[in-house]
Amino acid sequence: MSTLGFCDLTISYDGVCAVNGFNDILHSGEWLCLIGPNGAGKSSVLRAAAGLINYSGSVAIDQKEIPATSARWRAQNIAFVPQTPLMPDDMSVVEYVLLGRNPYIKHFASESKHDLEVVEKILHRLDLEQFSNRMVGTLSGGERQRAVIARALAQEAPVLLLDEPTAALDIGHQQQALELVDKLRREQGLTVVSAMHDLTLAGLYADRLVLMHQGSCVASGDAKSVLRSETLAEFYGVSARVHHETDGTVVVIPQRVNSN
Amino acid sequence: MLLAKRATRERAGTRFSVWLLASFALLITAVLVGTMIGPAGPQWWRVPLELLNRLPLVTIDSGVSTDQWNIVWQIRAPRVVLAAIVGAMLSVAGASYQGVFRNPLVDPYLLGVAAGAGLGATLVFTLQRQSTESWLIDPLPLAAFGGALVAVFFTYLIGNAFNKSRSNTTLVLAGVAVTSLATAIQTFILQRNNDVVRQVYSWILGRLSSATWGDVRLILPYVSLSCIVLLMHRRLLDVLRVGDDEAIALGTNIRRVRFVVVLAATLGTAAAVAVSGLIGFVGIIVPHAVRLLAGASYRRVLPLSILLGAAFLVAADIPSRVLADPAETPIGVVTAFFGAPFFLLLLRTRKTQT
């Protein structure tokens, strides 16, 4: 289906380098998770792929360079969920999710029956039906996050970019949101790139992790090879134990530095 | 489930059509009352009778003389119609500006329309107004219209030249700068020509008193075009509500949308300002009233703003001719008089956001 390729992606803001030569290639159904301390350049990579910032190097979907495509084409092929989405309080959940159909609606037309049906299905799938006429401002954090993911899914794009999808959620909703994304990529072959801070969850769901530090990729591979206590100490400056469960799960447990 | 949701969508649709009908009824009422009331002319209750009499196939003896009818038709009617057009334009332009700039406190004069028009008008007043009265076309609306467009053009030019990021703050700040510059020039000219201060001042406060059918014909094409273009953007303005980045990620060419909306709103506003002077507050209070009543979706806000804006200005024009009879109270004073308390009310109960 869709291949997302990064080649020597370099991004700088006012001369300050944020991402320095990022390379990767993802195939349909793969989940890549970007990890790394704040300011490592994770969000910049996602924003470049969403066509929101200028960069040098190459980001391409099926060999189509992002800047050469129209905003409409991009939105049909890449759904982007920002870290803190701006959600108008007095928009109903249906109206909000329908925004995801924007790339398919002609400039001055309005939503077709098909658009409504797509949104209907997604709301059902994400268990949001009972909220469909609630105002977005009245939703809880978990419900809001689901509404944002619903909007992204309404784009029916083969590539899904998630910037900190679980940052505002409790442990239950974190699991729920990630399980959902995982299910979708397995069923529909979605290509997923996410930026995450929770290393255990990142290792649990993603096929591959890429550890970024000061704009460069410093480690990449599966959870076992990337999540090592020496690596974490070096790049996060954290003292943490890494525990390997028998089923292959890698658990990162922070330690107290001064344990008296 | 599909049925259930359709039902709720229909319910929302019904509520909107109720609002639409109510606003329309309000507009008709305002127009009727507006043509019935005023100094001179026939007794108020005779006017509707005469209006019916003028319809084909209806004959009613309303007792309105030809002279009285002329007052109603040549003086009051164009004034009422012009108030409706200007009110509709300022309101829908205000709503659209609030949409593209995602700022609830923005009015259609934001990018320099008012100051530019004011400067243009000042220039005409100082260039010996009397001597222009024999001219074929009245230069005042043309100068105001031109001044408004030139000011906004400069705002856009400066805004884009200094705008490295894609934010619209630069554009707003450029508007502030252009407004100050034009106002400064205007003040300088007025300082040197004390004799026209009064005329310029009364123009700035807005005036519908000298409205003619000619004014209506002059601005109707611009205003209609502008309203149609803005209405066509109502769904896209809803997309812009999620912010620039997300709107782009959803496939919107926001630069183009913003440019076209600003252009259309400015053209219409400049035309309205050219014949009516600067009428404040309409562009802010009407869209906000609509949001409070019918919700913040631009699909509802834009059409309702057109109807309610028209009704509001027609209604506001009535006290402006009756309050200080026989003198006129400037309509800008009336709208601001109702606008200021409304703002306080809004601050108290503000639940909406653009």
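In this predicted model, the axes of helix H12 (residues 282-294) and helix H13 (residues 298-322) of chain B come within 9 Å and cross at roughly 125°. That angle makes H12(B) oblique to H13(B), and the crossing is right-handed.

| Helix | Residues in the contact |
|---|---|
| H12(B) | Val282(B), Val286(B), Pro287(B), Ala289(B), Val290(B), Arg291(B), Ala294(B) |
| H13(B) | Arg300(B), Val301(B), Leu304(B), Ser305(B), Leu308(B), Gly309(B), Phe312(B), Leu313(B) |

By class, the contact of H12(B) with H13(B) comprises 11 nonpolar, two polar and two charged residues.

H12(B) is mostly covered, with 10 of its 13 residues buried. Among the buried residues are Val282(B), Val286(B), Pro287(B), Val290(B), Arg291(B) and Ala294(B). Just after H12(B), Gly295(B) takes a positive phi of about 100°.

Arg300(B) is buried because 21 other C-beta atoms lie within 10 Å, and a residue counts as buried at 20 or more. Not counting residues up to four places away in sequence, Arg300(B) touches Phe16(B), Ala294(B) and Gly295(B). By contrast, the C-alpha atoms of Arg300(B) and Leu51(B), 249 residues apart along the chain, are separated by 32 Å.

How values were computed
Residues numbered from 1 in each chain as written. Chains lettered and ligands numbered in written order. Predicted model: local features only at pLDDT ≥ 70, side-chain atom pairs only at ≥ 80, totals over all residues. Buried ≥ 20, exposed ≤ 12 C-beta atoms within 10 Å, placed from the backbone. Helix = DSSP H or I, 4+ residues; strand = E, 2+ residues; numbered from the N terminus. Axes fitted to C-alpha atoms, helices over the stretch in contact; angles between N-to-C directions. Parallel < 35°, antiparallel > 145°, perpendicular 65-115°, else oblique. Left-handed = near helix turned anticlockwise from the far one by under 90°. Contact = placed C-beta atoms within 7 Å. Nonpolar A, V, L, I, M, F, W, Y, C, P; charged D, E, K, R; others polar.
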